[in-house]
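Please work through the following exercises with the sequence and the model open beside you. Each task is followed by a solution that goes step by step.

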Amino acid sequence: MNPMNFPLHLRLLVPLLMLLPQAVKSQDTLQQPPAPSEYGSIPMSQVMEPTLNPYGTAGMSNVVSAEPLGEGRLSMELRGNFYQQEEAFNGTPLLNAQITTATFGAALGFNPYIDGFVGLGGYNIRGNGGGNGSGAGSTFLGAQGSLPLPEDIPLRLGLQVASVFGTAGSQINTMTTTSGDLGAYGYNYFETRTSTDLSAKLLQSLVFGGPDMGVKFHLNEGIVSSFQTDKGVLLVTGAGMQFIVMPPLVLGVEINDRTFLQKPVLTDPLWVTPSVVFRTPAHLNVELGADFSLTENRADGSRTLEPWRAFGALSFSYDTQADKRRMEAEQARRDSLERIELANKAREAQLAKDSAEAADAAMAARQKAANDSLAAKAHADSLALLASQQNLQATQQNLAAEISKRTDAEKQLLSTGLLLLDAVYFQTGKTDISINSKPYLNIIAKMLTKYPKLQIEVAGHTDNVGGYDYNMGLSQGRAEAVMTYMITVAPELNGRLTAKGYGYTEPKAPNTTADGRKLNRRTELQVTNKDALKEYNP
């Protein structure tokens, strides 16, 4: 079967389906809606209710969303459709006939992933030269399930199965195919069925953003099998986009197609539907829109869809278990607070015990020290004073000699507490130390062993090329690489060195020029206990 024989909509689905694997990689933090406030005597939702399709489940005017309603949510929609028969053909209403159909659907979330729905319809025809009439429309019954995918990915997948019962008084459009087979034409084909149909649809949805603002993409692919004799299997597909511009306003556009699985032709029904939904905080939504035919006329000049059909809908959705969930959440919060309070009391008791034991030990130590011999203490003090004077003199002599031999790097580190490692290089975007930098780091590591009282931080800095998280990770990795290498060269530095990446948060020059960015890409040693520098700078 040549894919180019399929209607335009089926060819449009291919690029949309290619987006699904990429969308799974993105993440979206989902937040629980706040508790409802009161709006008169009606519970008022601060998060607006979902948009619905004629079945009462989540979706658009024709396209169904893979998002479940949620356990305990009851949704209902009353929809009316109107169009005028601008040209009459064999099997259609009379010329200028005005056709009105209405459907009422109700759905209930049985659990977090499965919804059930039921509905019925009716129709009215007003025309010239007879042909007026009213009657019951189709009735439908079905269920919809969604896969329990992780909530932090935007993808939703589901399956809908439904029965459309042929309870209509009349099938409004009975046009046949060009080969004389029974057709499936007209906007209201499923709304006025006189035979029973079974349908199954695969549902995919991509949800970006939240209930107040965001974008949704929906795809449907399904088949419909009829109990009507000699009726072929139908392929029904749809794709829609919804834009939540603000909490009360949702704009949508969708494209739908209905054709025979074995004999798809370009003149089968294909239409586009723009719509707008006004959402209120009192659980009511109002939807307005229109269907516009994209179907080509058949060779004999007839057409399977009228140029347009207008519709309006009023929907109501209410979470019947909202109070129960709020009570459970409040109870869980209280239980958590009680556990925290008990843990705090136990911790305070342990701290009091530890403090008492420490005080007793300190008192005993002080008593022992007080019992030392005054004579022995005086003798020790005398010897210590003499040794201290000798050590001080020797230290001063050694320090003076050492100061005279210090390198420029030592002088900079000991005088300012900061040393720029200007001979340490890395490859762009990597943390591996250049082989040419290692001799220099060997010298710096050996130098640091001469000042054992200094605590040193290896600080990594980058320019602003790349994002914040990227540069913080890169600078941290480079700082850790330098620290690890110097500890390898001089193991006695272990415990004295730390590493920290600052990314581009502490530039030394503007990042607007290449020279500035070069200055900002640096590794430094910073003395964290600067008071210790006094011992090496008399």
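**Exercise 1. Accessibility and ring geometry at F190**

Task: Classify F190 by its relative accessibility, then determine the geometry of the ring pair that Y189 and F190 form.

Solution: The model is a predicted one, in which local features need pLDDT of at least 70 and side-chain atom pairs count only at pLDDT 80 or more, while totals for chains, interfaces and linings use all residues. Residues are numbered from 1 along each chain as its sequence is written, and side-chain values use heavy atoms, with hydrogens and water left out.

Step 1. F190 has a relative accessibility of 25% and therefore counts as partly exposed, given that buried means under 20% relative accessible area, exposed over 50% and partly exposed in between, with a 1.4 Å probe and protein chains only. Y189, at 2%, is buried.

Step 2. A search of the whole structure gives 10 aromatic pairs, where rings of Phe, Tyr and Trp (its six-membered ring) pair if their centres lie within 6.5 Å, and planes under 30 degrees apart count as stacked, over 60 as edge-to-face and the rest as tilted. For Y83 and Y187 the ring centres are 6.2 Å apart and the planes stand at 70°, so this pair is edge-to-face. Because Y83 belongs to strand β3 (residues 73-84) and Y187 to the loop between β7 (155-165) and β8 (197-209), the pair ties together parts that are 104 residues apart in sequence; helices (H or I, at least four residues) and strands (E, at least two) are DSSP runs, numbered from the N terminus. Y83 is buried at 4% relative accessibility, and Y187 is buried at 6%.

Step 3. The rings of Y189 and F190 have centres 4.9 Å apart and planes at 75°, so that pair is edge-to-face.

**Exercise 2. Helix α7 and its cover**

Step 1. Among the buried residues of α7 are N471, L474, R478 and Y485.

**Exercise 3. An open sheet**

Task: Find the strand order of the sheet that contains β15 and β17, and describe how α6 is placed on it.

Solution: Step 1. The order is β15-β18-β16-β17, an open sheet of four strands with mixed pairing, where two strands pair if DSSP finds at least two bridges between them. β15 (418-420) and β17 are at the edges with a single partner strand each, so one side of each has no neighbour in the sheet.

Step 1. β16 and β17 run parallel and are joined by five bridges, and A459 stands opposite K500 in β17.

Step 2. α6 packs on the sheet and touches β15, β17 and β18, its direction making about 165° with that of β15; axes are lines fitted to C-alpha atoms, for helices over the stretch in contact, and angles run from 0 to 180 degrees between N-to-C directions.

Note on methods:
Contact = heavy atoms within 4.5 Å.
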